[in-house]
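The tour goes stop by stop, with something to select at each one.

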Amino acid sequence: MTPVSTGAGELDRPLAVVPPGERGATRIADRVVAKVASQAAREAVGTLPPDAGRPSASVAVHHEVAHVRVHIELDYPCDIGARCRTVRHHVVERVGALVGMQVPEVVVQVERLHLVAAPGAVQGRTR
């Protein structure tokens, strides 16, 4: 016959405290970081023409450091440099806040410009 433990004696021992660094690790997949980065780019770009594609991102993560490449489409005319700077800053901020990774670089690649005609503007060539 095997003895049955009541568990009462087991609670008398103090629990061992394991330092946080030795408890385990959390691994966040690259595709999750890419989704956070693409959403941050979407937030930063703002309203786009209806035929514009949604921003996308690809990342490479190495030792809690994410290198991000964002692909966006913009309306034109606009200040392209300022819009890219805004996207870059927002992606660094959001990935750092939500995922807890450092982002030393964000490459913003403008894939396409969408011409936005001003009301009453004539399109096409003029002599």
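Predicted model: local features only at pLDDT ≥ 70, side-chain atom pairs only at ≥ 80, totals over all residues.

Where in the chain is the place of H63? H63 sits in the loop between β1 and β2. Residues are numbered from 1 along each chain as its sequence is written, and side-chain values use heavy atoms, with hydrogens and water left out.

**Stop 1**

Select H63. Its phi is near 55°, a positive value in a residue other than glycine. H63 belongs to the hairpin of β1 and β2, which has two residues between the strands. With 67% relative accessibility, H63 counts as exposed; the cut-offs are under 20% relative accessible area for buried, over 50% for exposed, and partly exposed in between (1.4 Å probe, protein chains only).

Now select E64, which lies in the loop between β1 and β2. E64 also has a positive phi, of about 65°, although it is not a glycine. E64 is partly exposed, at a relative accessible area of 45%.

**Stop 2: the whole chain**

Zoom out and colour by secondary structure. The chain has two helices and three strands. Helices (H or I, at least four residues) and strands (E, at least two) are DSSP runs, numbered from the N terminus. Read from the N terminus, the elements run α-β-β-α-β. Of the 127 residues in the chain, 27% are buried.

**Stop 3: the sheet**

Select the strands. Three strands form an open sheet in the order β1-β2-β3, with mixed pairing. β1 (56–62) and β3 (102–115) are at the edges, each with a single partner strand, so one side of each has no neighbour in the sheet. From one strand to the next, the twist averages 15°. Strands of a sheet pair through backbone hydrogen bonds, either parallel or antiparallel. Two strands pair if DSSP finds at least two bridges between them.

Which way do β1 and β2 run, parallel or antiparallel? They run antiparallel and are joined by seven bridges. To look at this pairing, select A60 and H67: A60 stands opposite H67 in β2. β2 and β3 run parallel, with 11 bridges between them. Here, select R69 and its bridge partner in β3, V107.

**Stop 4: the helices**

Select residues 30–45, which form helix α1; this helix lies across β1 and β2, at about 135° to β1. Then select residues 80–99, helix α2, which lies across β2 and β3 at about 140° to β3. Axes are lines fitted to C-alpha atoms, for helices over the stretch in contact, and angles run from 0 to 180 degrees between N-to-C directions.

In helix α1, pick S38. S38 counts as buried, at 8% relative accessibility. The side chain of S38 reaches the backbone oxygen of K35 at 3.0 Å. Leaving out residues up to four places away in sequence, S38 touches P55, S56 and A57; contact means heavy atoms within 4.5 Å.

**Stop 5: D75 and R83**

Select D75, found in strand β2 (residues 65–76). D75 is buried, with a relative accessible area of 18%. Its side chain makes a polar contact with the side chain of R83 at 2.8 Å. A polar contact is a pair of N or O atoms within 3.5 Å; within protein, one must be able to donate a hydrogen and the other to accept it, and residues adjacent in sequence count only if both atoms are side-chain atoms.

R83 lies in helix α2.

Between β2 and α2, stop at P77 in the loop. The peptide bond from Y76 to P77 is cis, with omega near 10°.

**Stop 6: the core**

Select V68, V70, I72, V87, V91 and V95. These residues have the most contacts inside the largest nonpolar core, which has 24 residues. A nonpolar core is a set of buried Ala, Val, Leu, Ile, Met, Phe, Trp, Tyr and Cys residues joined through side-chain atoms within 4.5 Å. α1, β1, β2, α2 and β3 each supply at least two residues of this core. The largest share, eight residues, comes from α1.

Finish on V87. Not counting residues up to four places away in sequence, V87 touches A41, A44, V45, V70, I72 and V108.
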